[in-house]
Amino acid sequence: MRPLLLQRHVMGRLLAGQSVFTVAPAGSGKTVAAVLTVAESVCAVRRRALEGCPLSAAAPNHPLALVLVPTQDDVTDTADMIRLVGTAAALVASDGRGAG
C-alpha cells in the first residue's frame, strides 16, 4: 500500500517531532498518518527503554501518548484505527468514557 499525498507530506515531519496543522477532506489519510506516527513513537520509546535508556523507561501501565480529536465521529474513527494498527505496538484506545 502506498501512502496518500497528505501522508507523504506530513509523516516525516511528525516522526521528527515537528508540529503539523492540516486541513484536508475525509479519506485523505489524516487519521492513519496520526495513528502510525503515534505507534512508531511509542515503539521507539519502548525500544530505548529495553536498551537501558533511563529517560525513556516508562512504567508499563502508564500512557505514552494522548490523541485529542474534536468530534465524537473522529473519536470513533481514531479509536478504530488504533485498534487496527496498534495491535502490534500494544496500543490501547479509549473514548474517555471507560470504553476500551
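Mentor: Helices here are DSSP runs of H or I with at least four residues, and strands are runs of E with at least two, numbered from the N terminus. This is a predicted model, where local features need pLDDT of at least 70, side-chain atom pairs count only at pLDDT 80 or more, and totals for chains, interfaces and linings use all residues. Residues are numbered from 1 along each chain as its sequence is written, and side-chain values use heavy atoms, with hydrogens and water left out.

Now step back into H1 itself, which covers residues 5-15. Its buried residues are Leu6, Gln7, Val10 and Met11; buried means under 20% relative accessible area, exposed over 50%, and partly exposed in between, using a 1.4 Å probe and protein chains only. Looking down the axis of H1, these buried residues fall within an arc of 115°, so they line one face of the helix. That arc is taken from the directions from the helix axis to the C-beta atoms.

What do the buried residues of H1 pack against? Their partner is helix H2 (30-50), where contact means heavy atoms within 4.5 Å. In H2, the buried residues are Ala33, Val35, Thr37, Ala39, Val42 and Ala44. Their cover includes H1 and also helix H3 (72-85).
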